[in-house]
Amino acid sequence: MRKAHKFKLQNQSNTIKIGNMLDDMWEIHVHIMLLQRRYYRMFGKNLSASRLNAHVAKLKKRTKPHWADLPSQVVQDVVLRYGKAQDAFFENIKDRKAGLTTRKVGRPKIKPRHKYCSMTFTQAGYELKDNRIKINCIETWFSFHKHREIKGNIKTITIKRDKCGDYWICFSCENVDASEPKPKTGKSAGFDYGNKTFLTSDEGDKIQSPQFFKQSLRTLRSLSKSLSRKVKGSNNYYRACRALARQHRTVARQRADWQWKLATQLCSEYDILIFETLNLDGMKRLWGRKVSDHAFYQFIQILEQKCAKHGKKLKRINQWTATTKPCSDCGYHNKVLSLSDRQWTCPECGSYHDRDVNAAINIKRAGLAA
């Protein structure tokens with residue numbers, strides 16, 4: 001089992017050296033992208049990763065001697081990232097031609113300097129002692145808040161800079177002992193997602209979303225107005241940028257914390273969790289901010305991790321499975337049901353339905369049948 005640990009680097013004056021290293025990595029990234037474009041324009045081919053690495057090694061000896069001070073494996077990771085992006089682009093073309101997906105992945109593009117924010121170490125280039133890490137090329141130690149023990153074998157170490165200017169260190173570890181699964185309850189449940197109610201179970205339980213973005217909307221508007229008044233490029237402009245980024249980070253953390261706790265609660269109560277696949281992009285075009293504030297796709301990703309960790313099952317039924325209009329008692333298809341109808345009575349059997357509960361029951365049946 002593979003697991004990641006994330007810690008915050010302590011605020012210290014020498015973190016500016018990490019920023020300088022990231023700027024050098026960005027220069028290599030730009031050079032590789034421009035070289036690849038020119039080569040493809042001249043010969044109609046893409047350069048391989050091995051040839052790009054050899055080219056960068058020559059530049060270290062000739063025109064870019066300051067690149068030689070950077071860790072070699074970190075430089076190779078810049079080329080590796082480009083290769084992964086290029087592979088994803090061509091694989092997406094094949095999948096779209098085969099009808100496997102409608103999602104589009106663009107060609108790799110040159111990132112702006114402020115968006116190139118991470119570097120990855122593999123086996124060398126650093127030294128680790130307790131809650132301190134030394135980057136060998138700049139001969140500097142950095143301390144981080146080690147709030148938990150690092151378990152497993154460390155495979156990669158990534159240092160990231162966020163929009164607020166803070167630095168984080170991420171350890172990717174292999175051979176991590178799996179946690180003990182939660183006890184079996186023998187219960188299964190279907191859940192329907194909605195804008196008015198975040199989740200509705202087939203038993204009639206309704207879970208409301210706190211909508212953290214909506215709660216912070218007044219503060220975000222005030223900070224955005226303050227940013228718009230600043231002269232772009234000035235010191236006050238960047239201070240306002242960081243203040244706005246910190247508020248957005250607070251909202252994202254509140255939402256993630258609530259979703260992790262909800263996922264843990266659902267895994268404790270049920271053995272099988274069944275959800276409907278939704279066209280969230282289409283829903284965002286209709287309802288916009290509220291759908292984004294709920295972050296339903298992020299919640300499903302969190303729930304998948306929790307289910308894998310605790311030995312529970314997560315099922316997702318097809319997007320086109322009819323769940324809202326069929327009656328859960330007799331199967332009658334109510335074609336005249338509109339979005340504004342929250343309760344309705346079946347004209348065939350006379351059953352009274354709550355729209356969301358009826359959909360959750362149908363989702364559960366479709367998931368168990370599959």
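Analyst: A residue is called buried when its relative accessible area is under 20%, exposed when that area is over 50%, and partly exposed in between, with a 1.4 Å probe and protein chains only. The structure above is a predicted model, in which local features need pLDDT of at least 70 and side-chain atom pairs count only at pLDDT 80 or more, while totals for chains, interfaces and linings use all residues. Residues are numbered from 1 along each chain as its sequence is written, and side-chain values use heavy atoms, with hydrogens and water left out.

User: What makes L286 count as exposed?

Analyst: L286 has a relative accessibility of 64%, and exposed is the word for values over 50%, so L286 belongs in that class. This residue lies in helix α7, residues 280–287, where a helix is a DSSP run of H or I with at least four residues, a strand is a run of E with at least two, and both are numbered from the N terminus.

User: Why is the pair D23 and R113 called a salt bridge?

Analyst: The term asks for a side-chain nitrogen of Lys or Arg within 4 Å of a carboxyl oxygen of Asp or Glu. In D23 and R113 the closest N and O atoms are 3.8 Å apart, and the pair therefore meets the limit of 4 Å. This bridge links distant parts of the chain, for D23 sits in helix α1 (residues 16–43) and R113 in the loop between α3 (72–97) and β2 (118–121), 90 residues apart. Both partners count as partly exposed, D23 at 23% relative accessibility and R113 at 38%.

User: How many salt bridges does this rule give?

Analyst: The count comes to 13. One of them joins D257 and K261, at 3.2 Å from N to O; these two residues lie in helix α6 (residues 235–269), four residues apart, about one turn of the helix. D257 has 40% relative accessibility and counts as partly exposed, whereas K261, at 56%, counts as exposed.

User: Are the partners D271 and K312 buried or exposed?

Analyst: D271 and K312 form a salt bridge whose closest N and O atoms are 3.5 Å apart, and both residues are buried. Salt bridges that share partners also join D162, D166 and R249 into one network.

User: What makes I150 count as buried, and where does it lie?

Analyst: I150 has 19% relative accessibility, and since buried means under 20%, the residue falls in that class. I150 lies in the loop between β5 (140–143) and β6, and although I150 and K6 are 144 residues apart in sequence, their C-alpha atoms are 9.6 Å apart in space.

User: Which residues are closest to the centre of the largest pocket, and what makes a space a pocket?

Analyst: On a 1 Å grid over the protein atoms alone, a pocket is an open set of points with protein on both sides within 12 Å along at least five of seven lines, and its lining residues have an atom within 4 Å of a point. About 1,300 Å³ of space lies in the largest pocket, a volume being the space filled by probe spheres set on grid points, which are joined across faces, edges and corners. Of its 38 lining residues, the closest to the centre are A4, K6, R148, W260 and Q305.

User: How is the lining of the largest pocket divided by class?

Analyst: The lining has 11 nonpolar, 10 polar and 17 charged residues, where Ala, Val, Leu, Ile, Met, Phe, Trp, Tyr, Cys and Pro count as nonpolar, Asp, Glu, Lys and Arg as charged, and the others, Gly among them, as polar.

User: What is the volume of the second largest pocket?

Analyst: The second largest pocket has a volume of about 850 Å³. Its lining comprises 27 residues, and M283, W287, T324, L339 and R355 lie nearest its centre.

Methods
1 Å grid on protein atoms, 1.4 Å probe; cavity = no way out; pocket = protein on both sides within 12 Å on 5 of 7 lines; lining within 4 Å.
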